[in-house]
Amino acid sequence: MKKIASLLIVISILCISSYAVFASGVTFYQDIQLSGPSTNDIPVGTWYLSDLQSKFGFQNDWASSVSISPGYKVDLYSDDKLGGTHWMLDQNDFNSRDFTNFGANDAVSSVKVSRK
Ligand SMILES: [Ca+2]
């Protein structure tokens with residue numbers, strides 16, 4: 001019984017650590033401070049609005065904050081297909097948690113996710 005318990009603990013730790021390894025990219029939120037409805041995890045790539053909407057649950061002119069996995073950065077664009085005003089975020093700080101700080105609130109229409 002004790003062996004089974006320790007085995008379960010080992011399996012749980014492995015699951016949690018592999019989740020941390022594979023859960024990578026960025027996640028957008030409708031509201032500031034990473035609150036409200038959120039997207040799925042968005043991996044490395046150049047993402048136009050149609051893909052953001054169909055694959056990840058992103059909406060146009062909607063995002064107000066973003067969670068960035070360690071080692072990643074995200075470029076935000078006010079127009080589709082990386083057009084319009086451009087902003088770059090590379091860490092979880094007051095700007096990534098509140099787009100009203102730099103004029104990107106409810107304005108993002110396409111993004112590029114990359115490794116730093
Ligand atoms: Ca919003």
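Visitor: How many helices and strands does the secondary structure of the protein come to?

Guide: The protein has 2 helices and 7 strands, where helices (H or I, at least four residues) and strands (E, at least two) are DSSP runs numbered from the N terminus. The model is predicted: local features need pLDDT of at least 70, side-chain atom pairs count only at pLDDT 80 or more, and totals for chains, interfaces and linings use all residues. Residues are numbered from 1 along each chain as its sequence is written.

Visitor: Why is Val113 called buried?

Guide: A residue is buried if 20 or more other C-beta atoms, placed from the backbone, lie within 10 Å of its own, exposed if 12 or fewer, and partly exposed in between. Val113 has 21 such atoms within 10 Å, and is therefore buried. Of the 116 residues of the protein, 24% count as buried.

Visitor: Which residues does Val113 touch, not counting those up to four places away in sequence?

Guide: Among them are Gly25, Val26, Ile42, Gly45, Trp47 and Val74; contact requires C-beta atoms, placed from the backbone, within 7 Å. The C-alpha atoms of Val113 and Gly45 are separated by 5.3 Å, although these residues are 68 apart along the chain.

Technical notes: Contact = placed C-beta atoms within 7 Å.
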